[in-house]
Amino acid sequence: MDTERRLAALEARLRKAEDHLEILNLLNTYGPLVASATAEPAGKLWVEGGGYNFTLPDGGTKRLAAPDEVAGMYSWPGHLDLVNTGCAHLTATPKITVDGDEAQAVGYSVVILREGERWFLWRAAVNHWTLRRTEDGWRIVERFNRALDGSEESHATMRKVLAI
């Protein structure tokens with residue numbers, strides 16, 4: 001392989017590694033922002049008009065549009081109760097696939113909540129993130145989040161890891 005092709009291949013590999021790292025940093029920025037009720041910056045992790053589709057505590061689902069509705073969720077009384085009790089929103093390392101300026105990631109997230117002197121797993125979910133490279137870096141287009149409740153929808157979301 002000549003030098004030019006080797007250099008081009010190395011640049012492509014470096015770009016892919018940098019994209020993965022930037023996406024990991026983006027997704028791992030989410031938890032500390034929402035667990036500290038830092039609403040506006042959390043909403044700006046999304047592209048304008050993007051969305052967050054999630055399972056509600058009663059088992060229903062809801063989609064919020066970014067950035068305003070997503071940011072607004074972090075002022076809901078239920079969310080503020082979690083924050084004021086003490087919680088951690090953790091994003092597990094996802095499987096990421098980058099295709100040019102678009103990417104997908106599939107992985108778990110958990111919320112850990114404090115109760116008195118103990119900490120416990122309050123919620124576990126699976127996520128399918130779609131992302132886009134923007135002038136401001138990678139941003140979330142859509143986050144599809146389903147509670148790990150044994151439902152077919154949660155299992156189907158987990159199986160998306162095979163497709164990306």
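This is a predicted model: local features need pLDDT of at least 70, side-chain atom pairs count only at pLDDT 80 or more; totals for chains, interfaces and linings use all residues.
**Exercise 1.** Find the largest pocket and work out which residues and elements line it.

*Solution.* Start with the space itself: the largest pocket holds about 480 Å³. Next, look at who sits around it. There are 24 lining residues, and the ones closest to the centre are Phe54, Leu82, His89, Trp122 and Arg123. Finally, trace the lining back to the fold. Elements that each give at least two residues include helix 1 (3-35), helix 4 (77-85) and strand 6 (118-134).

**Exercise 2.** Is His128 buried or exposed, and what does its side chain hold on to?

*Solution.* Then check its relative accessibility, which comes out at 12%. The cut-off for buried is under 20%, so His128 counts as buried. Last, go through the side chain's partners: His128 and Gln104 make a side-chain polar contact of 2.7 Å. Beyond its close sequence neighbours (within four places), His128 also touches other residues, among them Glu142, Thr157 and Lys160.

**Exercise 3.** Work out which strands pair with strand 7, and in what sense.

*Solution.* Take strand 6: it runs antiparallel to strand 7 over 10 bridges, and the two form a hairpin with 2 residues between them. Across this pairing, His128 faces Phe144 of strand 7. Now try strand 1, which pairs with strand 7 in the parallel sense over 4 bridges. There, Tyr52 stands opposite Arg143 of strand 7. To finish, check how covered strand 7 is: 9 of its 11 residues are buried.

Key: Residues are numbered from 1 along each chain as its sequence is written. Side-chain values use heavy atoms; hydrogens and water are left out. On a 1 Å grid over the protein atoms alone, a cavity is a set of points where a 1.4 Å probe fits but cannot get out, and a pocket is an open set with protein on both sides within 12 Å along at least five of seven lines; lining residues have an atom within 4 Å of a point. Grid points are joined across faces, edges and corners, and a volume is the space filled by probe spheres set on the points. Buried means under 20% relative accessible area, exposed over 50%, partly exposed in between (1.4 Å probe, protein chains only). A polar contact is a pair of N or O atoms within 3.5 Å; within protein, one must be able to donate a hydrogen and the other to accept it, and residues adjacent in sequence count only if both atoms are side-chain atoms. Contact means heavy atoms within 4.5 Å. Two strands pair if DSSP finds at least two bridges between them.
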